[in-house]
Amino acid sequence: MLPGVRRGRKRACITYCISYILSCITKHSPQYKILMIGRVLGGIATSLLFSAFESWLVAEHNKRGFDPQWLSMTFSKAIFLGNGLVAIVAGLFANLLADNLGFGPVAPFDAAACFLAIGMAIILSSWSENYGDTSDSNDLIAQFKVAAKAIASDEKIALLGAIQSLFEGSMYTFVFLWTPALSPNDEEIPHGFIFATFMLSSMLGSSIASRLLARKLKVEAYMQIVFSISAFTLFLPVVTNFLVPPSEKGGSMSFGGCLQLLGFCIFESCVGIFWPSIMKMRSQYIPEEARSTIMNFFRIPLNLFVCVVLYNVNAFPITVMFGMCAIFLFMAVILQRRLMVVSDLHRSTKAVEMTVEDELLNP
């Protein structure tokens, strides 16, 4: 890109739509290379999905001078409707296209491409553009240097990034482990029903988060409880493996599996609380001019961790994997406690400075 040309958040959101549309199209190819290109495009789109849209929203919200509290409500509704309700409807619609109507396994990707095209048209026609760093530097390495400097100079940003990576790493590991955890002896389990239950649990969590944020409770305080509950629920498979006898091969879900399912639903509720809460903290601590870059900087260790876990998923017993996730979540509790202490200290110091400044100006 030429010097002086600035890349806006709206353009990044459009790039997300185009990247994912192309990724969906590649699903029609039987060639491995084409499918791998599709996965790379999907990875780029996912990175934009978790950074550009939120950055655009926060910048536009501040530019229009809206009440900061509305931002928390928007995040909660986005998780409730998008990650919960829409996910359930999309799953049912995909099943209808692939199985009931007989269009085949690629049909859901074609439908996704159509919805992405509609979304891109809405963005093009109704969104205004906003930017982060308006300097002339568009070099990727330079941008990451700015992000690294911001993280190193502000402990709150570093703590928030570590918390996010620990929780999301555990969450993505859980996505790959819940099926073998509930059916270790090839028990027949209703995967679709369980997925829908998880989504309903996530919706419940986002609803709880909406109420917590509306009451202006300190996010840093209640998230310690959320992470503690999450650590306990992902430690359940380790406990049930030793205390509950296994079921017969190919039978129905065991009693231990039912206990784990209950714990997993609670964990999904914690996930529903996590998303709007972490978005709220990001809006408070991450500087506006480098928001997207810093958020993507956090995703580097997260993606490396998930890749390592997936590569070695068969090398360790499933109980070890869940135990590792529980340890990571317990570490998140400790870091969240530290974040609360640092943020409280920062607020008190800032209040003292403002008081002193006011006394000097108005003796």
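The questions below ask how terms are applied to this predicted model.

This is a predicted model in which local features need pLDDT of at least 70 and side-chain atom pairs count only at pLDDT 80 or more, while totals for chains, interfaces and linings use all residues. Residues are numbered from 1 along each chain as its sequence is written, and side-chain values use heavy atoms, with hydrogens and water left out.

Q: What makes up the secondary structure of the protein?
A: The protein has 12 helices and 0 strands, where helices (H or I, at least four residues) and strands (E, at least two) are DSSP runs numbered from the N terminus. Read along the sequence, the pattern is α-α-α-α-α-α-α-α-α-α-α-α.

Q: Why is S29 called buried?
A: Buried means under 20% relative accessible area, exposed over 50%, and partly exposed in between (1.4 Å probe, protein chains only); S29 has a relative accessible area of 18%, so S29 counts as buried. This residue is found in the loop between α1 (9-25) and α2 (32-49).

Q: What makes the approach of the S29 side chain to Q31 a polar contact?
A: A polar contact is a pair of N or O atoms within 3.5 Å; within protein, one must be able to donate a hydrogen and the other to accept it, and residues adjacent in sequence count only if both atoms are side-chain atoms. The side chain of S29 reaches the backbone nitrogen of Q31 at 3.1 Å, and this value therefore falls within the 3.5 Å cut-off.

Q: Which residues form the nonpolar patch on the surface?
A: The patch is formed by F93, L96, L101, F103, F115, I118 and I122, with about 700 Å² of accessible area together. The elements that give two or more residues to this patch are α4 (68-100) and α5 (107-126), and α5 gives the most, with 3 residues.

Q: How do you know that residues 36-57 are listed as a transmembrane region, and what is the helix content of the span?
A: The listing comes from UniProt, where an unreviewed entry gives residues 36-57 among others under "transmembrane region"; such annotations may be inferred rather than shown by experiment. Over residues 36-57 the chain is 91% helix and 0% strand, with the end C-alpha atoms 32 Å apart.

Technical notes: Patch = residues over 30% accessible without salt bridge, like charges linked within 9 Å, V, L, I, M, F, W, Y side chains within 5 Å. Areas by Shrake-Rupley, 256 points an atom, 1.4 Å probe, with all protein chains shown as cover. Salt bridge = Lys/Arg side-chain N within 4 Å of Asp/Glu carboxyl O.
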